[in-house]
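Biologist: Could you walk me through the strands and helices in this one? I'd like to go piece by piece.

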Amino acid sequence: MTAPAAAAPAEAPSIDELESQERRLVLPRFTYDDAWALGSLLVELARERRAPVAIDITRGGQQLFHAALPGSTPDNDAWITRKRRVVERYGCSSYLVGARFRAKGTTFEASSRLDPDAYAAHGGAFPLAVEGAGVIGAVVVSGLPQVEDHALVVAALERFIAV
């Protein structure tokens with residue numbers, strides 16, 4: 001069996017693009033069944049890409065979905081927790097939070113005053129926002145470079161909303 005052709009690295013989105021994604025990717029509702037469907041879609045997309053990721057979906061502090069694909073490690077679960085905390089605290093994607101700090105000429109780790117062992121403003125955690133309710137949870141991927149983790153979550157949400 002030959003290895004898959006390497007995908008071109010995802011290009012880092014601008015702050016405007018990241019903010020636009022969050023405005024667009026708002027759900028009409030988010031149920032337990034929706035968590036299963038979105039998580040399963042993420043697993044499918046990750047398998048197509050042979051991505052060694054862990055996937056997690058939480059709503060209101062309850063884990064509704066978790067999967068670890070071949071090649072992922074327990075370290076990915078630790079990253080998931082740290083990235084999810086950024087979404088919970090800031091109400092926007094972990095990648096956007098990090099990008100905003102970088103745009104100010106600093107880093108999240110240097111300037112947020114938050115423990116880097118508890119928070120990580122690296123791509124891969126995206127807010128689950130519901131119309132009329134705001135951010136109710138997070139969907140998180142860990143295992144790829146941060147821009148690719150972010151892009152995988154966005155691709156899944158775009159496909160999920162289009163259904």
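Predicted model: local features only at pLDDT ≥ 70, side-chain atom pairs only at ≥ 80, totals over all residues.

Biologist: Okay, which residue in strand 5 does Ala-54 stand opposite?

Modeller: Strand 2 covers residues 54-59, and strand 5 covers residues 134-142. The two pair in the antiparallel sense over 6 bridges. Opposite Ala-54 you'll find Ser-142.

Biologist: And in strand 3, what is the bridge partner of Thr-58?

Modeller: Strand 3 spans residues 62-68 and runs antiparallel to strand 2, with 6 bridges joining them. For Thr-58, the partner is Gln-63.

Biologist: Which residue in the hairpin of strand 2 and strand 3 takes a positive phi?

Modeller: That hairpin has 2 residues between the strands. The phi in question is near 55 degrees, and the residue is Gly-60.

Biologist: How many residues of strand 2 are buried?

Modeller: Buried here means under 20% relative accessible area. Strand 2 is mostly covered, and of its 6 residues the buried count is 5.

Biologist: Now the helices: is helix 1 roughly parallel or antiparallel to helix 4?

Modeller: Helix 1 (residues 15-24) packs against helix 4 (residues 94-103) with axes 10 Å apart, at an angle of about 155 degrees. Angles over 145 count as roughly antiparallel, so helix 1 to helix 4 is roughly antiparallel.

Biologist: How many charged residues does their contact have?

Modeller: Helix 1 brings Ile-15, Leu-18, Glu-19 and Glu-22 to meet residues of helix 4, including Tyr-95 and Arg-100. By class, the contact has 6 nonpolar residues and no polar ones, and the charged count is 3.

Methods: Residues numbered from 1 in each chain as written. Heavy atoms only, no water. Buried < 20%, exposed > 50% of the residue type's maximum accessible area, 1.4 Å probe, protein only. Helix = DSSP H or I, 4+ residues; strand = E, 2+ residues; numbered from the N terminus. Pairing = 2+ DSSP bridges. Axes fitted to C-alpha atoms, helices over the stretch in contact; angles between N-to-C directions. Parallel < 35°, antiparallel > 145°, perpendicular 65-115°, else oblique. Contact = heavy atoms within 4.5 Å. Nonpolar A, V, L, I, M, F, W, Y, C, P; charged D, E, K, R; others polar.
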